[in-house]
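Visitor: Could you walk me through this one? I have it open beside me and would like to go over a few features in turn.

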Amino acid sequence: MFAAELLASSLRMAVPILLTAIGAVFTERSGIVNIGLEGMMIVGSFWASVGAYFYGPMMGLLFAMMAGAFLALIHSVTTVTFRVNQVVSGVALNILAYGSSRFLSLVIFGKATTSHHVSGFNPVDIPGLSNIPFLKPLFADISPVLIMALIMVPISKYIIEKTVFGLRLRSVGENPLAADTLGIDVFTMRYAGVIISGMLAGIAGAYLTMEHTGMYVEGMTQGKGYIAMAAMIFGNWTPTGTLGASLLFGFAEALSLRAGEGSIVPYQFIKMIPYVLTLAVLTGIVKKSTPPAASGVPYDRSTG
Amino acid sequence: MKIRELLALSLVVLLVLGLVAGCGQKVDAPAEEPASEGQEEPEEKKIKVGLVYDIGGRGDLSFNDSAYAGLKRAEQDFGLEVTDLEPSGGGEDREQLLRLLAEDGYDLIFGVGFMFTDHIAKVAEEFPDVKFGLIDGAVEDIDSSSNISCLMFKEHEGSFLVGAAAALKSESGKVGFIGGMKSPLIERFEYGYLAGAKYANPNVETFSDYVGTTGDAFKDPVKAKELALKQIKAGGDVLYHASGASGIGMIEAATANKKLSIGVDSDQSLTATDEQKPFILTSMMKRVDNSVYETIKAFVEGKFEGGYRVFGLDDDGVGYAVNEFNEELISDIQPKLDELKAKVIKGEIKVPADKNEYEEFLTTLK
């Protein structure tokens with residue numbers, strides 16, 4: 001029972017990381033680094049509260065996606081069209097996301113740091129599996145967004161590996177000049193990659209607000225957008241690898257919450273687990289990491 | 001090329017505007033009315049009171065909202081000019097905001113939360129003519145002639161009562177506590193609560209968890225909810241939090257599992273959703289609103305005094321909440337709680353405020 005509880009908690013903690021990390025796969029595969037994912041998650045969490053409060057959970061989800069996509073659009077315009085340094089643009093967007101959410105929260109809800117209570121989707125039971133007592137925590141009362149996040153993994157894998165769109169996306173991330181000479185519109189593909197990442201990060205934010213907490217609280221993303229980037233790298237720029245990495249990070253988080261006061265290890269060390277794991281993963285343990293060749297490199301037709 | 005440049009420029013403007021919107025705190029400059037300039041009526045000048053919130057900010061339905069309530073009440077009663085400001089996410093600009101208000105001619109300025117302690121000490125020295133109120137913190141070595149008034153609470157005494165309420169209402173004999181940032185202040189809530197539970201039922205099993213070790217722990221409802229779920233799965237059926245806006249997650253978890261929760265600082269039944277209301281047993285009231293109001297009142301009457309002021313059970317500075325939503329739920333244990341309250345006030349029960357005192361307290365129970 002404890003094991004199932006721990007896994008269920010890991011899964012809940014992994015969902016926002018997973019959704020954002022899949023988004024990161026799309027944007028990086030197209031050749032654009034998106035540090036702004038954290039910001040897109042923030043606007044997602046805020047706009048989900050607006051949509052859900054006034055029009056219900058479906059609109060909450062939609063608002064969050066649109067907000068994430070809008071921020072991603074700005075990122076595309078600056079980095080793809082104007083070839084601004086991608087990290088600088090991403091950092092600027094994070095600040096913009098933080099500031100605009102605070103400002104609009106004050107305008108819409110009359111308080112800067114929290115929204116009103118909002119309700120999410122009704123939790124669902126997985127037929128059959130939710131009746132097995134041992135597995136109940138894993139399959140009963142599941143958020144539909146959680147299921148959606150898991151389904152996104154094979155779907156993304158299919159899109160990236162098997163479709164024409166995916167092939168083109170990958171080619172502009174590996175060698176945009178070659179892709180361009182073959183008639184692929186590098187700019188459109190990169191816009192698409194970045195905007196998909198913004199939409200997914202927005203959904204991740206909506207999950208936090210609507211499904212997990214039932215309210216927007218400023219700063220509730222707690223750096224999960226950055227952890228998602230680490231998960232994407234650890235997952236070697238693939239959706240399935242990202243799933244494994246996200247679950248690992250979720251597990252570390254859930255474990256650190258479960259290791260209580262009574263243990264011999266000092267409290268502060270237990271709270272460090274997820275961060276130490278991130279560092280460990282990124283420095284040594286990754287065997288071979290193969291980023292897209294043109295990731296982070298702006299494409300200019302006149303110079304290639 | 002022209003259009004691209006124009007686009008780039010407008011983007012820059014958009015980003016800058018976003019920054020300004022986010023960082024720019026609105027300080028309402030006193031509206032200068034040209035009409036009043038001619039008439040010399042110095043008495044007509046409104047007293048200006050400013051307040052800077054702690055992390056979590058207004059809308060945490062708890063600590064900061066309580067301070068806001070006190071400020072608003074004073075504004076109505078005394079016709080003040082008031083401003084309330086929220087520090088940025090990590091609270092790095094606390095000191096700037098205090099200074100901003102002081103420079104802007106505010107007469108009395110509050111810092112809400114123990115994290116203001118050093119900042120108020122510093123700014124108060126720079127502005128000797130301005131009075132400061134510090135909630136939950138103690139600036140060292142000041143007396144009644146100081147321009148700082150430290151407003152403190154016996155959180156452990158109030159927590160003791162809700163701890164007893166939790167133990168009396170628990171069917172499983174297991175009760176839980178979730179703290180925000182691990183710090184001596186929050187430990188007062190924790191050990192007072194645990195002591196109350198053990199006093200009411202020596203066999204009760206208790207859980208304690210903290211969200212984190214930084215100020216961010218007061219605005220992480222995601223983690224607080226997971227901690228609450230963990231305690232509930234372990235059998236806990238009454239949970240209490242002292243974690244600011246994070247506690248929203250705990251109340252959510254308790255409600256979803258039909259377990260009872262206890263709010264903190266403000267009466268959290270009043271701000272809960274209709275779904276949550278039946279599951280909020282009570283709230284540990286920390287009357288930050290009263291302390292703010294009393295301090296402003298004293299100032300308006302010219303009786304402001306520096307130094308330390310401690311609010312406890314005896315002067316209703318702390319207590320437990322009874323309202324139309326929990327009346328029925330709590331009525332059977334109210335006589336018992338009031339009896340305990342009387343004992344604490346009389347000094348028959350010495351409520352522990354830290355770990356050592358708590359362990360000592362446990363030995364006296366046997």
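**Surface patch and salt bridges**

Guide: A nonpolar surface patch of about 880 Å² is made by A:Tyr53, A:Phe54, A:Tyr55, A:Met59, A:Leu62, A:Met66, A:Phe103, A:Val107 and A:Ile108. Helix H2 (37-55), helix H3 (57-81) and helix H4 (86-109) of chain A are the elements that give two or more residues to this patch.

Visitor: Before we go on, what kind of model is it, and how is everything numbered?

Guide: This is a predicted model, in which local features need pLDDT of at least 70 and side-chain atom pairs count only at pLDDT 80 or more, while totals for chains, interfaces and linings use all residues. Residues are numbered from 1 along each chain as its sequence is written, chains are lettered from A and ligands numbered from 1 in the order in which they are written, and side-chain values use heavy atoms, with hydrogens and water left out.

Visitor: And how are a patch and its area defined?

Guide: Patches are made of residues with over 30% relative accessible area and no salt bridge, with like charges joined within 9 Å and nonpolar side chains (Val, Leu, Ile, Met, Phe, Trp, Tyr) within 5 Å. The accessible areas come from the Shrake-Rupley method with a 1.4 Å probe, and for residues only the protein chains shown count as cover. Helices (H or I, at least four residues) and strands (E, at least two) are DSSP runs, numbered from the N terminus.

Visitor: Take A:Phe54, then: which helix is it in, and how accessible is A:Phe54?

Guide: A:Phe54 lies in helix H2 of chain A, and with a relative accessibility of 45% A:Phe54 counts as partly exposed. The classes are buried for under 20% relative accessible area, exposed for over 50%, and partly exposed in between (1.4 Å probe, protein chains only).

Visitor: Switching to charges, how many salt bridges are there over all chains?

Guide: The search of the whole structure finds 25 salt bridges over all chains, where a salt bridge is a side-chain nitrogen of Lys or Arg within 4 Å of a carboxyl oxygen of Asp or Glu. In chain A, A:Asp180 forms one with A:Arg301, and their closest N and O atoms are 2.8 Å apart. A:Asp180 is in helix H8 (residues 176-181) of chain A and A:Arg301 in the segment after helix H12 (267-285) of chain A, so the pair ties together parts that are 121 residues apart in sequence.

Visitor: Is A:Asp180 buried or exposed, and what about A:Arg301?

Guide: A:Asp180 counts as buried at 15% relative accessibility, whereas A:Arg301, at 52%, counts as exposed.

Visitor: What does B:Lys286 pair with?

Guide: B:Lys286 forms a salt bridge with B:Glu155, the closest N and O atoms being 2.9 Å apart. This pair links distant parts of the chain, with B:Lys286 in strand E10 (residues 280-286) of chain B and B:Glu155 in helix H6 of chain B, 131 residues apart. Both B:Lys286 and B:Glu155 are buried.

Visitor: And which parts does the pair B:Asp209 and B:Lys230 tie together?

Guide: The side chains of B:Asp209 and B:Lys230 meet in a salt bridge at 2.9 Å, N to O. B:Asp209 lies in strand E7 (residues 205-212) of chain B and B:Lys230 in helix H8 (residues 221-233) of chain B, so parts 21 residues apart in sequence are tied together. B:Asp209 is buried, with a relative accessible area of 6%, and B:Lys230 is buried too, with 16%.

Visitor: Back to helix H6 of chain B: at what angle does H6(B) cross H7(B)?

Guide: The axes of helix H6 (residues 155-169) and helix H7 (residues 184-200), in chain B, come within 6 Å and cross at roughly 40°. That makes H6(B) oblique to H7(B), since angles under 35 degrees count as roughly parallel, over 145 as roughly antiparallel, 65 to 115 as roughly perpendicular and the rest as oblique. Axes here are lines fitted to C-alpha atoms, for helices over the stretch in contact, and angles run from 0 to 180 degrees between N-to-C directions.

Visitor: Last topic, which residues of H9(B) are buried?

Guide: Eight of the 10 residues of helix H9 (residues 247-256) of chain B are buried, among them B:Gly247, B:Met250 and B:Thr255. Just after H9(B), B:Lys258 takes a positive phi of about 55°.
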